[in-house]
Amino acid sequence: MSRTAPDVARAAAQWLALLESGTAGERDHAGLQQWRDSHPQHEQAWQKAQLLRQRFAELPSSLAMASLDRPQPGRRAVLKRALGVAALVPAAWLLSRQLPLDVWRADLHTATGERKRVPLADGSALQLNTASAVDVNLAQRRLTLVDGEMALSVPGAAALTVHTRYGQVVASQAEVCVRQLAQACVVSVLKGQVQVHDGAGHSALVRGGQQIRLQASGLGVPVPFDALQLGWRDGVLTAQNQGLGDFLRELDRYRPGVLRWDPSLEALRVTGSFRLDDTDRILSLLATTHGLQVQWRTRYWVTLAPRKTLA
Amino acid sequence: MNDAVSPTTTAEPSLSTLYRDHRSWLESWLRRRLGNAWDAADLSQDTFLRVLASAQPVAQLQEPRAYLVTVGKRLLVNFHQRRSLEQAYLNALARLPDDCVPSPEQRWLLLETLQALDELLDGLLPVVRRAFLWSQLEGLGYREIAERLKVSERTVKRYMAQAYEHCLLVEL
């Protein structure tokens, strides 16, 4: 009697579940033995099942549980995310991307390592840095920085307002960058001047070349900043005698996965301009210039160490 | 997506012409969805490998790009599954006390095993998957699982049979 694989799998599964339920009696055990003996395929399926159980049993349970029982977004959500923004936005927006026309209303986002430039319908231009999300509503002349970092250029006199977690930035005839950090928002003005309002009714005028922090406790004071910090708009990461630790923390924003480094590397200095579209190459360059060893566990798990400690 | 199905006519389609005509297009299609070039390059190679391995004769493809996108989408979904697993795994590792962290080799092997099992369990209902994991990884009995899930023990037994059947079907 030859049976199909699905039948055998089902029967084996039923036996296993019965056995594990703790309700199997002597007769069931005998029945199982008989089933296993009745066909080589049955015995083979039974052995496969035992191997399967063994594979699970050998895993460290807490690590395996945390990984395999992670919150599952569900297949549809995975598919949506896999297909990216394009799958979520209305057809009109797709059309405008292809033409490429301008945006009136959209929820934009970028993945880690991605950057995006989006022309807006009023002639303004929006750029999203890595892992960022911005909602655009031009009818209300309003942009909302949900996460990450954006640059906005408003050539016209009609103001656009950027809403952030800690207040608003009003820009007209100006160029400004807004970055959301964990506890604050940093507003850097490149050209023109912008008005920054906190949630408590205070505001400040920030001029080109100045930067201000906006946080729950209120507004900071405008201070000069180095425009090199905003090189991402041109796809470049620039360091001027920067601590390697700070540089790597910045670089990490652009890389999916985990980037780690030996604490002894923190204080090394970095100078140079690096293209952000190949961060692996930046790591290789650093390895050469600073005598580091780059260990690749996987592409998403990289450790930097001084070369000598690994020799 | 309109760009996915723009028809192209190719004389004598074969895998090499398919590759030559559509590889860079597919790569940029993938890059837009992945946000980086290296994963896109990998996945586009994988897509062509799948096409090569599939029973579908390349010469009979009416809409090669639509077909590539279909295969590519499936790979994208798998890719995101693997990434979300890896992220969960790394997070769990980071929370371990230092003296419990496995060696680099072990970590890597473990991740590979977890990825294989994750794929094996893919497609199970979430509640079935969880019941199965509690039983296999934490050694919970059916009664405890029933209590945790607030269902009957009979239901748990049914869940477990479903999970075993699902896994064995893949393995047999």
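Predicted model: local features only at pLDDT ≥ 70, side-chain atom pairs only at ≥ 80, totals over all residues.
Colleague: Fine. What makes the pattern of chain B α-α-α-α-α-α-α?

Modeller: Chain B has seven helices and zero strands, and the pattern is read along the sequence. Helices here are DSSP runs of H or I with at least four residues, strands are E runs of at least two, and both are numbered from the N terminus.

Colleague: How much of chain B is buried?

Modeller: Of its 172 residues, 31% count as buried. The cut-off is 20 or more other C-beta atoms within 10 Å of the residue's own; 12 or fewer is exposed, in between is partly exposed, and C-beta atoms are placed from the backbone.

Colleague: Why is Lys150(B) called exposed?

Modeller: Lys150(B) has 7 other C-beta atoms within 10 Å, so it is exposed. Lys150(B) is in the loop between helix H6 (142–149) and helix H7 (153–171) of chain B, and has a positive phi of about 55° although it is not a glycine.

Colleague: And why is Ala131(A) called partly exposed?

Modeller: Ala131(A) has 18 C-beta neighbours inside 10 Å, so it counts as partly exposed. The loop between strand S3 (125–128) and S4 of chain A is where Ala131(A) belongs, and its phi is positive as well, near 45°.

Colleague: Why does Val186(A) count as partly exposed?

Modeller: Because Val186(A) has 19 C-beta neighbours inside 10 Å. Val186(A) lies in strand S10 (residues 184–191) of chain A. Leaving out residues up to four places away in sequence, Val186(A) touches Arg179(A), Leu181(A), Gln211(A) and Arg213(A).

Colleague: What does "touches" take?

Modeller: C-beta atoms, placed from the backbone, within 7 Å. In chain B, 62% of the contacts with a separation of 6 or more are between residues 24 or more positions apart.

Colleague: What makes a set of residues a nonpolar core?

Modeller: The members are buried Ala, Val, Leu, Ile, Met, Phe, Trp, Tyr and Cys residues joined through C-beta atoms within 7 Å. The largest core has 48 residues, and Leu152(A), Val176(A), Val178(A) and Val187(A) have the most contacts inside it.

Colleague: How do you know where that core lies?

Modeller: Domain 2 (102–228) and domain 3 (235–310) of chain A both give residues to this core, so it lies between them. Those bounds come from an automatic or database domain assignment. A second, separate core of 35 residues includes Trp15(A), Leu16(A), Ala49(A) and Tyr159(B).

Colleague: What joins S4(A) to strand S5 of chain A?

Modeller: Five bridges, and the strands run antiparallel. Pairing takes at least two bridges found by DSSP, so these two strands pair. Asn137(A) stands opposite Arg142(A) in S5(A), and in the hairpin, with four residues between the strands, Arg141(A) takes a positive phi near 55°.

Colleague: What makes S17 and S19 of chain A edge strands?

Modeller: Strand S17 (258–261) and strand S19 (292–298) each pair on one side only. The open sheet has the order S17-S20-S19, with mixed pairing. Six bridges join S19(A) to strand S20 (residues 301–306), running antiparallel, and Leu292(A) stands opposite Pro306(A).

Colleague: Which helix lies across S19 and S20 of chain A?

Modeller: Helix H8 (residues 279–290), running at about 150° to S19(A). Axes are lines fitted to C-alpha atoms, for helices over the stretch in contact, and angles run from 0 to 180 degrees between N-to-C directions.

Notes
Residues numbered from 1 in each chain as written. Chains lettered and ligands numbered in written order. Contact = placed C-beta atoms within 7 Å.
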